[in-house]
Amino acid sequence: MRLAALGLLSLLLGACAQNVAAPQASIQTGERVTWDSVVCAGQPVNCSRMTAVGYFFARPGATAAVLVTHGSQGLDLRLFEYADSLREAGFAALVIDHWTPRGISVTHQDYVAAALKGGNEFNMAFDSLTGAAMLRARGFTRIGSIGESQGGGGAIYLVQKWMHEMVARNVTRIYGKPFTVQPLDAVVGLYGYCGIRHAQRDAYVPTPFLFVTGAEDDETPSRYCERYVPWMNARGGKAQIVVLPGVGHSFDAPYRRRFGNGPQYANCDILVEENRVTELNSGRSLPGQDTRATFAQCLSHGYHSGYLGDRFVAVPHWTGFFRQKLN
């Protein structure tokens, strides 16, 4: 759900009613910051300037900061809980609102329609990589990133060499001054989609990367990410994975596990090669490298999301990772 200040307050009150501690970080307490980013939207795609928006939470004396990227629902309670955990671990945090500047509320009702407005992982990467440059200009020497769900899939883009080149080229062109992407120092992807591999394009910078997934995830299956780790590492990456038993998708969401009938791509295991796109579960192949028709064929509906037990089960894993890589 999209949260304005009133919506966030209502969610915090609901969280307290469920004996979940309300985070100290919120839209109201964060410093609202803006920076130059890019929106790539339409068909054919056109990239133009856009003002990115985020909420910055300082940590006195911190020299490292972490970008926080939401999932398809936009900002909700968990993003500000991440900011609290990061500050407790000694880091500053920048919670990015990717959707509002693009005129989007949620994307999970229709991912294709949302992408036409810039609501996809590609656009998230523009905000994050330009946001990292903004934080470095503010004096932070080491920058990490954590993304959940759609933002967890978007985390992979942050370490892709082709994405770095795309961001550098378009920001330079649009703003008329040189822009170079400096790789991040550590990236975490929480329960993101790992079901597409591009044999011709995939190449990674050696940024330390941690996947955290749930063994019972029926929307973005952990098995795809388990296989993606060696795929990434064979192509220059530096990835590792933690699979949490007994939890599924959005295991740290501010709501109990529930069923949703929205679109999802758990049945899509896609390999893009030089002259064909293959969906490996069905064995169907299409010529070329355009994946849209293949995704349309393997699209399904219905999945579970939300917490079952300890909503904060993953926090020691990713805060420990950032302590190790950003200090």
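This is a predicted model: local features need pLDDT of at least 70, side-chain atom pairs count only at pLDDT 80 or more; totals for chains, interfaces and linings use all residues.

Residues are numbered from 1 along each chain as its sequence is written, and side-chain values use heavy atoms, with hydrogens and water left out.

**Entry 1: the largest pocket.** I took a pocket to be an open set of points on a 1 Å grid over the protein atoms alone, where a 1.4 Å probe fits, with protein on both sides within 12 Å along at least five of seven lines; lining residues have an atom within 4 Å of a point. I found about 1500 Å³ of space in the largest pocket, the volume being the space filled by probe spheres set on the points. Its lining has 45 residues, and N120, E121, Y157, T291 and F295 lie nearest the centre. I noted that α5 supplies the largest share of this lining, 4 residues. Among the other elements giving at least two residues are β1 (31–41) and α8 (292–298).

**Entry 2: the second largest pocket.** I read off a volume of about 410 Å³ here. This pocket is lined by 22 residues, with Q73, H108, Y255, R258 and S305 closest to its centre. Which strand gives the most to the lining? I found that β10 does, with 4 residues; β14 (300–305) supplies at least two.
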